[in-house]
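Biologist: Could you put the model up so that we can go through a few of its strands and helices together?

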Amino acid sequence: MEAELTRTAARYERLLTTVADGIYGLDRDGRVEFANPAAERITGRSAAEQLGHDQHRLLHAHRPDGSPYPREECPVWRALVTGRTVSADDEVFWHADGTPVPVELTAVPVVEDGEVTGVVVSVRNLTDRLAARRQAAELQRLAAENAAERALSDRLQRALLTPPPEPDHLHVVVRYRPAAHGARVGGDWYDAFLQPDGATVLVIGDVVGHDSAAAAAMGQLRGLVRALAWDNDETPAETLVRVERAALGLAVSTPATAVLARIERLPDVPVAGVRRLRWSNAGHLPPLVLAPDGSTTLLETRPDLMLGVDPDAPRRDHTADLPDRSTLLLVTDGLVELPGMHLDEGLAALREALRDLGEEPLDSLCDTLLARLVPGPGRDDVALVAVRTHPEDRPRPPEAGPNRLPPGMD
């Protein structure tokens, strides 16, 4: 029987050397009789340094604020006095180097012949667990902040991205899709409005950055472009020069790309004639024209410098004809910067996605295009302006809906 007990004791001793929890055996006065290797690691003290010492006095006689920790309040002592198991998950042991070690502690009394002769104490180091909890709480806090920031910026963007006008025999459709991730608040914007002479002005732009500052800069730039382009007949390039100088003077310094375009009627041409597109490109993606047969033309030019870099940079105008029943598209890079693709490949994918949409109603064309190129949650914001030209010698088609003009331009 004695040999059996010896083997059993040896088996349990081997087990106690491998467990992650610190295990102590204390006598009836709370002095250390046994400490396993995990207890040595948790406290930074060897078993020899702990044996025979009062565990409470050695390891947790005071609280983190420096105040004394009365023995009567210690879970280990309460187990010794009451003969009941006592647990606590907010204890602190003091490491040999003086740093606190948060621990979860369970004290199980040893009862022989009805008397408490000692206690077995299990100690679990909570340092990593508490660090993980703090990290999770911080991530939750940041997520809540990002969600609030995203909601504020989304409201700002949607307040600024107003419905487009519907001038005579031009159908204008716009789309805006925010990025899927809450932290990625973008600075994409579009605009469409009529000048007093009846010309239609279109804008597409993308402010550098993905935060509320980018959204705010977007609103400032959009307002500048709209105000400076509305009341004069200068060219788009001349307007962008004024926009950049005004932005510099008003400390709107965030870089941005943009295309400013104007759809004009050709002078001295019958009603059935074509319209002319005049535009200036500040470092943005080129406009694209879709013909009814599905063929596409990228209006590629050497783009001028983006806004917000050099107010004295030269800017140029470009022109192209827009035949009846053609579709002009202005987009931001969120539509064509597809995962695993270079920009040229993304533009090629855009043209391929339009191949069978040349005569598709414009709302349906925009929705189909988004579904084909960004079928799931997007990594970036997407803004899109599409304009369909309809013949002026016949009624406006039903798909284009009624004219929608600013007051005083009916």
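This is a predicted model: local features need pLDDT of at least 70, side-chain atom pairs count only at pLDDT 80 or more; totals for chains, interfaces and linings use all residues.

Biologist: Fine. Let's take the open sheet, then: what is the order of its strands?

Modeller: The order is β6-β15-β14-β11-β12, which makes 5 strands in an open sheet with antiparallel pairing.

Biologist: And which are the edge strands?

Modeller: Those are β6, residues 170-177, and β12, residues 296-298, each of which pairs on one side only. On average, neighbouring strands in this sheet are turned by 15° against each other, if direction is ignored.

Biologist: Over how many bridges do β11 and β12 pair?

Modeller: Strand β11, which covers residues 288-290, pairs with β12 over 3 bridges in the antiparallel sense, and within that pairing Leu288 stands opposite Leu298 of β12.

Biologist: Which helix lies across those two?

Modeller: That is α9, residues 343-353, which lies across β11 and β12 and runs at about 150° to β12. Helix α10, residues 362-373, also packs on the sheet, where it touches β6, β11, β14 and β15, and its direction makes about 25° with that of β6.

Biologist: Back to α9, which of its residues are buried?

Modeller: Gly346, Leu347, Ala349, Leu350 and Ala353 are buried in α9. These residues cover an arc of only 155° around the axis, so they sit on the same side of α9.

Biologist: What covers them?

Modeller: The cover over the buried residues of α9 includes β11, β12 and α10, and of these β11 and β12 are the strands that α9 lies across.

Biologist: What does β1 pair with?

Modeller: With strand β5, residues 115-125, β1 pairs in the antiparallel sense over 6 bridges, and Gly25 stands opposite Val120 there. Strand β2, residues 32-35, also runs antiparallel to β1 and is joined to β1 by 3 bridges, with Ala35 of β2 as the bridge partner of Tyr24.

Biologist: And how many residues lie between β1 and β2?

Modeller: There are 4 residues between them in the hairpin that they form, and Gly30 in the turn has a positive phi of about 85°.

Technical notes:
Residues are numbered from 1 along each chain as its sequence is written. Side-chain values use heavy atoms; hydrogens and water are left out. Two strands pair if DSSP finds at least two bridges between them. Axes are lines fitted to C-alpha atoms, for helices over the stretch in contact, and angles run from 0 to 180 degrees between N-to-C directions. Contact means heavy atoms within 4.5 Å. Buried means under 20% relative accessible area, exposed over 50%, partly exposed in between (1.4 Å probe, protein chains only). The arc is that of the directions from the helix axis to the C-beta atoms.
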